[in-house]
Amino acid sequence: MAFRVLVIEDNPWNMRLVGDILEAAGYVFLEAADGKSGIEKALTEKPDLILLDVMLPDMNGVQVTRQLREESATATLPIIALTANANDDLRARCLEVGCTDYMTKPFTRRVLLEIIQRHLPA
């Protein structure tokens, strides 16, 4: 069975890029374009991991992570924050609210897949 990865990203180009990388690596690619639909999809689709853009149109990644951590179904789900902002304060805040890892854009295919594999069962 392939692992299911939910990508919460508002930029269609970034979404397609990450989706292509995930599908080529054998993952099931799920997508949501904003925080609210991302939370709903996480609860209904039960992904194995979430890639979460920190800057979304309706809420930020910190708010999305907080809400996901409050739900028993997603309380321990690996959440990897993705951001173009390499700010140490933002990184600390994301990790503090429950993100499992943090990754800056742009990234390479290899680095993205390594981080995902690090947080999924062997």
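Start at threonine 83, which stands opposite threonine 104 in E5. Bear in mind that this is a predicted model.

That pair belongs to the contact between E4 and strand E5, residues 101–104; the two run parallel and are joined by four bridges. Also across that boundary, isoleucine 80 stands opposite aspartate 101 in E5. To get from E4 to E5 the chain passes through helix H4, residues 88–97, in a right-handed β-α-β crossover.

Now the other neighbour. Strand E3, residues 49–53, pairs with E4 over four bridges, in the parallel sense. Here isoleucine 50 has isoleucine 79 in E4 as its bridge partner.

Zooming out, the open sheet has five strands in the order E2-E1-E3-E4-E5, with parallel pairing. E2, residues 28–32, and E5 are the edge strands, each with a single partner strand, so one side of each has no neighbour in the sheet. From one strand to the next, the twist averages 20 degrees.

Next, the helices. H4 lies across E4 and E5, at about 150 degrees to E5. Helix H5, residues 109–118, lies across E3, E4 and E5, and runs at about 175 degrees to E5.

So is E4 enclosed or open? Five of the five residues in E4, residues 79–83, are buried, so the strand is largely enclosed by the rest of the structure. In a regular strand, side chains alternate between the two faces of the sheet. Here Ile79, Ala81 and Thr83 point one way, Ile80 and Leu82 the other way, and all are buried.

Methods:
Residues are numbered from 1 along each chain as its sequence is written. This is a predicted model: local features need pLDDT of at least 70, side-chain atom pairs count only at pLDDT 80 or more; totals for chains, interfaces and linings use all residues. Side-chain values use heavy atoms; hydrogens and water are left out. Buried means under 20% relative accessible area, exposed over 50%, partly exposed in between (1.4 Å probe, protein chains only). Two strands pair if DSSP finds at least two bridges between them. A crossover is right-handed if, with the strands pointing away from the viewer, the path from the first strand over the helix to the second runs clockwise. Axes are lines fitted to C-alpha atoms, for helices over the stretch in contact, and angles run from 0 to 180 degrees between N-to-C directions. Contact means heavy atoms within 4.5 Å.
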